[in-house]
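Student: I've just opened this one and I'm new to it. Could you walk me through it?

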Amino acid sequence: MFLTWVKICPSCPVCGFRLDRHEPGYWLGSLTVNIFATEGVIMTLLVAVMFATWPEVPWDRLETAGLVAAIGAPVFVFPFTKMFYLAVDLCFRPPEPPDLATPIERGFLAPRPTPTAGSTSG
Ligand SMILES: [Zn+2]
């Protein structure tokens, strides 16, 4: 479903389901899921280290690790939160015929132009 870690296909290559459900701003919901997942990862990390090292908590290293997690976690969980959001949305709103792309929209490549009779010379 993903072309790169952060770029999603416009539609499912198998069934033609439009992954953004053909709605502008559809992925804003996945952004919310991403924020909650990132907060969960960071808080779990910080609390686990605090409990494991109490009372000699390495605050400096914990601060650095928290900063790295705050930057890296949203990128790491990005595709997972996007698919999770889509799955939850599909539970509440099953796909309907407008959600399915026309066959020409299924592929990632533009349709090849058909050769014409006089275009071979030159
Ligand atoms: Zn599909």
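Here are a few questions and answers about the model.

Tutor: Before we start, this is a predicted model, where local features need pLDDT of at least 70, side-chain atom pairs count only at pLDDT 80 or more, and totals for chains, interfaces and linings use all residues. Residues are numbered from 1 along each chain as its sequence is written.

Student: Which helix has the highest mean pLDDT among the elements of the protein chain?

Tutor: pLDDT is the predictor's confidence in each residue, from 0 to 100. Helices are DSSP runs (H or I, at least four residues), numbered from the N terminus. Helix α4 (residues 103–106) has the lowest mean, 53, while the highest, 95, belongs to helix α3 (residues 78–92).

Student: How far apart are the end C-alpha atoms of helix α1?

Tutor: The expected span is 1.5 Å times one less than the number of residues. Helix α1 (residues 28–53) has 26 residues, so it should span 38 Å. That agrees with the distance in the model, 38 Å.

Student: Which residue is joined to W54 by a cis peptide bond?

Tutor: Most peptide bonds are trans. Here omega is about 0 degrees.

Student: Is R21 buried, exposed or partly exposed?

Tutor: R21 lies in the segment before α1 and has a positive phi of about 55 degrees although it is not a glycine. A residue is buried with 20 or more other C-beta atoms (placed from the backbone) within 10 Å of its own, exposed with 12 or fewer, and partly exposed in between. R21 has 16, so it is partly exposed.

Terms used:
Helix = DSSP H or I, 4+ residues; strand = E, 2+ residues; numbered from the N terminus.
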